[in-house]
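Please open the model in your viewer and keep the selection panel at hand. The tour below goes from one selection to the next and says what is there.

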Amino acid sequence: MAKVIVVGGGAAGLVAAWRAASLGHGVTLLEANGRLGVKLRISGGGKCNITHDGPPKALLAAFPADQARFLRPSLHAFGNGAVLDLLRREGVETYTRDNGRVFPLDRPGSAAAVVAAFETLARRAGVDVRTGARVTALEGRAPRLDALLADGRRLDADIYILATGGASYPETGTRGEVPGWLRPLGIPVRPWFPALAPIPLARPRSAWEGVALRDGELRLCAGPGGRRLAAFAGDLLFTKSGVSGPAALELSQAVERARRNGAAWLVHAAVREAQEAVDAGLQTEARANPRLRAATWLQRHLPERLVDDLLEEAGLTRGLMLKDLAKGARKALVELATALPLGAPQPVPLARGEVAAGGVDLAAVDPRSMALRGWENLRVCGELLDIDGPVGGYNLQAAFSTGYAAGTI
Ligand SMILES: Cc1cc2nc3c(=O)[nH]c(=O)nc-3n(C[C@H](O)[C@H](O)[C@H](O)COP(=O)(O)OP(=O)(O)OC[C@H]3O[C@@H](n4cnc5c(N)ncnc54)[C@H](O)[C@@H]3O)c2cc1C
């Protein structure tokens, strides 16, 4: 039986350690924080969206194609059903929301219950859990790692599993330093990149802080009036410094890429139909209902709190009726409903992302065992890999699946 060290006691590391120990290996789990699963505890706003419902094929389809290819074997070996069975046996009952997201039953501290279940499983299997143990260096060169340093002590093992996570929310323990140790060993690692983060705006609408735009579409364009680069349909929330909510999070990575390329501009479409169709509809409405106020028409699509500000900015008076709308004013009104300009984004913060894109290049990893190619005793799993799924339980599932594969020794 092998002596195994797992570095990182988050979603991936806990599963890797439990799995290796339950196969009879002697496992030590090193976690920098004073307790395990700190990021898991804040996941899903403390409720923990554990995974997503559906067959493996549907889950894989949510990831970019190269990531889906990589995840296929591990997700088939340890998919959402296996995760939920395991948790159920530890007393964590779950439910599935209409949108397919799976959560523990609503109770205070439900995310903590998920961590407790995995910790119990790991300890029961015999894992030696050491918290407050930050690894600071790796020793060795391909094809073998010889040892690692944890808080000044040199520790060695037959097999090392790195599950140190990404680089967002550094206060949860993920400082993103591991790529800096792997690159000198010749292991290809893509730079960390912001993802699933709120988007700051150059001209934030602070006065609208807390206002949500429901069921519209956030669009990323190559400059004002430029071609559409990407879009995401979903709720958007104004914050003090910009925008957040599902649409902003999902688009944030593309926004940051476009911004770094020098051409990023955001608009919001409350109405997703073509401007011509909305304009035609407005003209029909004006004939049928000439005394309807422009403000009332706009309120059908946008929250009241925004409408006064927007009409004023467009130079339209609040009492203006549809029958008195000149062509230019009508076009301005249509534009507010179909392409409300939010303007240029500011740098998307890596630290505030639900994941960090980037990480160990998937081409350097065997997707069945998570072993690094060219290495005999080094494996990586979880967010340290170049995997970033959308919001919805996909990222934790990827961490559980790859952790299980890494622990299958
Ligand atoms: C606010 C927030 C909400 C989220 N909500 C969800 C959600 O509801 N559903 C979902 O699917 N995903 C969610 N995610 C993403 C998900 O939490 C991560 O993808 C997942 O935790 C990654 O698991 P991991 O084990 O790879 O990394 P982590 O869970 O981050 O664990 C890595 C561990 O390694 C430790 N570590 C790092 N470096 C060292 C070192 N040098 N030595 C020792 N230990 C070290 C860290 O302290 C950390 O505990 C959320 C993320 C955030 C930030």
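## A guided tour by selection

Start by selecting residues 394-407, which form helix 13; its 14 residues reach 20 Å from the first C-alpha to the last, close to the 20 Å expected at 1.5 Å a residue, where the expected span is 1.5 Å times one less than the number of residues. Helices here are DSSP runs of H or I with at least four residues, and strands are runs of E with at least two, both numbered from the N terminus. The model is predicted, so that local features need pLDDT of at least 70 and side-chain atom pairs count only at pLDDT 80 or more, while totals for chains, interfaces and linings use all residues. Residues are numbered from 1 along each chain as its sequence is written, and side-chain values use heavy atoms, with hydrogens and water left out.

Next, select helix 5 (residues 80-89) together with helix 6 (residues 110-124), which pack at an angle of about 85 degrees with their axes 9 Å apart; axes are lines fitted to C-alpha atoms over the stretch in contact, and angles run from 0 to 180 degrees between N-to-C directions. Helix 5 and helix 6 are therefore roughly perpendicular to each other, a label that covers 65 to 115 degrees. Show the side chains of V83, L86 and L87 in helix 5 and of V114, A117, F118 and L121 in helix 6, which make the contact (heavy atoms within 4.5 Å). The contact residues divide into 7 nonpolar, no polar and no charged.

Turn now to the salt bridges, of which the structure holds 23; each is a side-chain nitrogen of Lys or Arg within 4 Å of a carboxyl oxygen of Asp or Glu. Select E376 and R144, whose closest N and O atoms are 3.1 Å apart. This pair links distant parts of the chain, 232 residues apart, with E376 in the loop between strand 20 (355-360) and strand 21 (378-380) and R144 in strand 8 (residues 144-150). E376 counts as exposed at 55% relative accessibility, whereas R144 is partly exposed at 35%.

Finally, select K323 and D324, whose side chains meet in a salt bridge (3.4 Å, N to O). K323 is partly exposed at 44%, and D324 is partly exposed at 45%.

How values were computed: Parallel < 35°, antiparallel > 145°, perpendicular 65-115°, else oblique. Nonpolar A, V, L, I, M, F, W, Y, C, P; charged D, E, K, R; others polar. Buried < 20%, exposed > 50% of the residue type's maximum accessible area, 1.4 Å probe, protein only.
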